[in-house]
Amino acid sequence: MTRMYCSGSLNKADLACLREALQDERAIVIPTDTVYGVAATPYSTKAVNNLLCLKGRGRHMPPPVLVPSIEQAQAVCAQVDNRARALMTRLWPGALTLILKANTDTHFDLGDKTDTIAIRMPDHPVALEILRNTGPLAVTSANLTGQPPATTCQQAIAYFGEGVAHYVDSGDTPGPVPSTIVDISGAEVSILRKGAIGSATIEEILAMN
């Protein structure tokens with residue numbers, strides 16, 4: 001287990017270590033614009049199962065996927081319609097998680113639910129730098145199920161210890177308010193979790209599309 005301190009950009013050696021750990025199907029901890037997240041490659045059943053095990057969660061609760069761009073979101077979703085595109089354009093990067101139909105050609109294994117995917121582009125420079133170097137990652141809040149999400153790297157270490165390969169310490173995160181979750185996978189739009197972005201903002205954008 002290593003702790004990487006980063007106030008700006010990660011160096012090439014650290015980025016290479018993160019990529020290697022992910023390729024080895026191990027978990028890493030990264031900062032986001034809400035709380036710290038524990039991350040793994042979404043392409044590996046073993047890696048995702050390990051991620052869920054660290055949380056104390058089953059495969060019935062698939063982790064969200066973080067991406068560094070709208071273009072990558074479009075690549076892993078079956079369809080990004082005008083409503084989703086408007087929300088992404090106005091509110092990404094940011095604390096908005098969208099649930100969309102999944103593109104099964106990506107061969108992700110996020111859990112038992114395979115028809116939809118929860119996806120977000122975080123507004124954090126270190127998280128985006130990592131995602132640009134690794135590609136999409138399965139990421140869930142860094143905590144044991146039922147415990148408060150970690151807003152410091154030290155809290156994440158206390159939760160997971162040697163169970164995580166690398167911890168990226170970028171100082172305190174804004175938390176603890178989570179991202180707003182909007183299900184836009186069907187004809188009706190549903191706000192599943194109220195979070196950092198208010199319902200009125202979501203509704204205003206959707207009303208114009």
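Select Asp115, which is partly exposed at 39% relative accessibility; buried here means under 20% relative accessible area and exposed over 50%, with partly exposed in between, as computed with a 1.4 Å probe on protein chains only. The model is a predicted one, in which local features need pLDDT of at least 70 and side-chain atom pairs count only at pLDDT 80 or more, whereas totals for chains, interfaces and linings use all residues. Residues are numbered from 1 along each chain as its sequence is written, and side-chain values use heavy atoms, with hydrogens and water left out.

Now select Asp112 and Arg59, which form another salt bridge, with their closest N and O atoms 3.3 Å apart. This pair links distant parts of the chain, for Asp112 sits in the loop between β5 and β6 and Arg59 in the loop between α2 (45-55) and β4, 53 residues apart. Asp112 is exposed at 55% relative accessibility, while Arg59 is partly exposed at 25%. Include Asp109 in the selection to display a network of salt bridges that links Arg59, Asp109 and Asp112.

The ring centres of Tyr43 and Phe108 lie 4.9 Å apart and their planes stand at 80 degrees, so the pair is edge-to-face. Rings of Phe, Tyr and Trp (its six-membered ring) pair if their centres lie within 6.5 Å, and planes under 30 degrees apart count as stacked, over 60 as edge-to-face and the rest as tilted. Tyr43 is partly exposed, with a relative accessible area of 47%, whereas Phe108 is buried at 18%.

**The sheet**

Switch to a cartoon view and colour the strands; helices (H or I, at least four residues) and strands (E, at least two) are DSSP runs, numbered from the N terminus. Ten strands form an open sheet of mixed pairing in the order β1-β8-β2-β3-β7-β4-β6-β5-β9-β10, where two strands pair if DSSP finds at least two bridges between them. The edge strands, each pairing on one side only, are β1 (2-5) and β10 (190-193).

Within the sheet, select β5 (residues 96-101) and β6 (residues 116-120), which pair in the antiparallel sense over four bridges; Leu98 has Ile119 in β6 as its bridge partner.

Move to β3 (residues 37-40), where Gly37 and Ala39 point one way, Val38 and Ala40 point the other way, and all are buried. In a regular strand the side chains alternate between the two faces of the sheet. Strand β3 is joined to the antiparallel β2 by three bridges, with Ile30 opposite Gly37, and a hairpin of six residues connects β2 to β3. Strands β3 and β7 also pair in the antiparallel sense, over four bridges, and Ala40 has Ala138 in β7 as its bridge partner.

At β1, select Arg3 together with Asp169 of β8, a pair that is 166 residues apart in the chain and whose side chains meet in a salt bridge (2.8 Å, N to O). Arg3 is partly exposed at 29% relative accessibility, and Asp169 is buried at 11%.

**Helix α6**

Finish with α6 (residues 153-160), whose buried residues are Cys153, Ala156, Ile157 and Phe160. Seen down the axis of α6, these buried residues fall within an arc of 100 degrees, so they line one face of the helix; the arc is that of the directions from the helix axis to the C-beta atoms. They pack against β1, β2, β3, α2 and β8, a contact being heavy atoms within 4.5 Å. After α6 comes Gly161, which has a positive phi, near 50 degrees.

How values were computed. A salt bridge is a side-chain nitrogen of Lys or Arg within 4 Å of a carboxyl oxygen of Asp or Glu.
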